Amino acid sequence: MATAVRVLIVGLGNMGASHASAYHRNPGCEIVGLCSRSIKSKPIPDALKNYPIFEEYEAALVDLKPDAVSINTWPNTHAEYAIKAMEAGAHVFMEKPIAANNEDAERVVETARRLNRKLVLGYILRVHPSWVKFIEIGKTLGKPLVMRLNLNQQSSGDAWMWHKNLIDSLIPIVDCGVHYVDVMCQLTGAKPVRVHGIGASLWAETEKQNYGHLHVTFDDGSVGWYEAGWGPMMSETAFFVKDIVGPKGAVSMVPNEKARVDVDDLSDSAAIDNHTKTDAIRVHYADVGEDKNFTRKDDILSMEDEPDHQELCDREQAFFLKAITEDLDLSDSMEAAVNSLRIVLAAEQSIKDEQVVRLDSSWEQASV
């Protein structure tokens, strides 16, 4: 039997705990330690209580010498932690985004290539069968495409502090936006040429804007927008829009619009399972007959048996393990992580400068 991959988990928040659970149950992995600056003052899930704990990341790397490190910390630590792990001899799984700025993102990828380390980013939609199907259908709709995507979240309870702390690192259209512009890039296979962003500050508890909207134009004529807002004031009307329109028709993810009567059920948009959940995919066909009526009814593809959030994390870690043990080439996915970050950071720059940002042919930000 092959030797298990020895993994250090860094960060035990929502995503860190889910990834740790995946490693704990995967026979190909062995958790050698859990690391968090506040780990001694916070509860640890029962299944993980017997693992060694560390408050200092660098000390954990030196003492444990792990084969792999799972980084699930605040975004502004990602690049530094990833580079230190790779320089210590470890492969890296890291939650998105790859970094907080373009220069650090490129340094992370350069380090992975130079040291021949595997670097897998937590782009959870890439392992989600409903999203894979959604993109597959979207590619059949012709060009150009119109892509309409959002993820607004109403903050209360645990999500109130979680969202507030996240905004201290990155605004919502940057932090979550990398997922959705990555989807746009997969759908079009084209290069972005113009990015425009708008934002607003609605939450007095945060210094940065808690609402934003970005628009992207691609060189094949396709256009896309992404909207994200966090805070206790956010509306849950139309918080879930996942829509692709092309010359041949449209494909949409359709959530379960159940009527809520439980007064405690007030924040569906903040529930982590709802960020990826899909009840059905609706496919619309644009063909009309001589009478200009549609010749084909919409197809409804049921997604009732789709994986939940934990199973998706299990799939991500299974892929990470496969990348290590089978020496997979991750060049495309690493470059995709860098490029999606470039787009959302261009939107943030557009908000600051109050003008469109144009991207040159190499996807580097160019002067306007």
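Predicted model: local features only at pLDDT ≥ 70, side-chain atom pairs only at ≥ 80, totals over all residues.
Let me begin with a pair of helices: helix 8, which covers residues 177-188, packs against helix 10, residues 331-353, at an angle of about 110 degrees, and their axes are 9 Å apart. As for the handedness, helix 8 passes helix 10 in a right-handed crossing. On the helix 8 side the residues involved are G177, V178, V181, D182 and C185, and these meet A336, S340, L341, I343 and V344 of helix 10.

Helix 3, residues 78-87, and helix 4, residues 102-115, cross at roughly 10 degrees, and their axes come within 9 Å. With the limit for roughly parallel set at under 35 degrees, helix 3 and helix 4 are therefore roughly parallel to each other. Helix 3 contributes A79, A82, I83, M86 and E87 to the contact, while helix 4 contributes D104, R107, V108, T111, A112, R114 and L115. Here the residues of the contact between helix 3 and helix 4 divide into 7 nonpolar, 1 polar and 4 charged.

Let me turn to the aromatic residues. How many aromatic pairs does a search of the whole structure find? The search finds 6. One of them is formed by F93 and F320, whose ring centres are 6.0 Å apart and whose planes stand at 50 degrees, so the pair is classed as tilted. Because F93 belongs to strand 5, residues 91-94, and F320 to helix 9, residues 309-325, this pair ties together parts that are 227 residues apart in sequence.

Another pair is W131 with F134, which is edge-to-face, with 5.4 Å from centre to centre and 80 degrees between the planes. Both residues lie in helix 5, residues 129-138, and because they are 3 residues apart there, they are separated by about one helical turn. W131 counts as buried at 1% relative accessibility, and F134 is buried as well, with a relative accessible area of 0%. W131 and F134 also belong, together with Y180 and Y226, to one aromatic cluster.

Staying with helix 5, I would like to point out I137, which lies in that helix and is buried, with a relative accessible area of 11%. Setting aside its neighbours within four places in sequence, I137 is in contact with V251, I281, V283 and L301. The C-alpha atoms of I137 and I244 are separated by 9.3 Å, although the two residues are 107 residues apart along the chain.

Finally, consider V245, which has its place in strand 12, residues 242-246. V245 counts as partly exposed, at 32% relative accessibility. Leaving out its neighbours within four places in sequence, V245 is in contact with P144, L145, V146 and A250. For V245 and K208, which are 37 residues apart along the chain, the separation between C-alpha atoms is 33 Å.

Technical notes
Residues numbered from 1 in each chain as written. Heavy atoms only, no water. Axes fitted to C-alpha atoms, helices over the stretch in contact; angles between N-to-C directions. Helix = DSSP H or I, 4+ residues; strand = E, 2+ residues; numbered from the N terminus. Left-handed = near helix turned anticlockwise from the far one by under 90°. Contact = heavy atoms within 4.5 Å. Buried < 20%, exposed > 50% of the residue type's maximum accessible area, 1.4 Å probe, protein only. Phe/Tyr/Trp six-rings, centres within 6.5 Å; stacked < 30°, edge-to-face > 60°. Parallel < 35°, antiparallel > 145°, perpendicular 65-115°, else oblique. Nonpolar A, V, L, I, M, F, W, Y, C, P; charged D, E, K, R; others polar.
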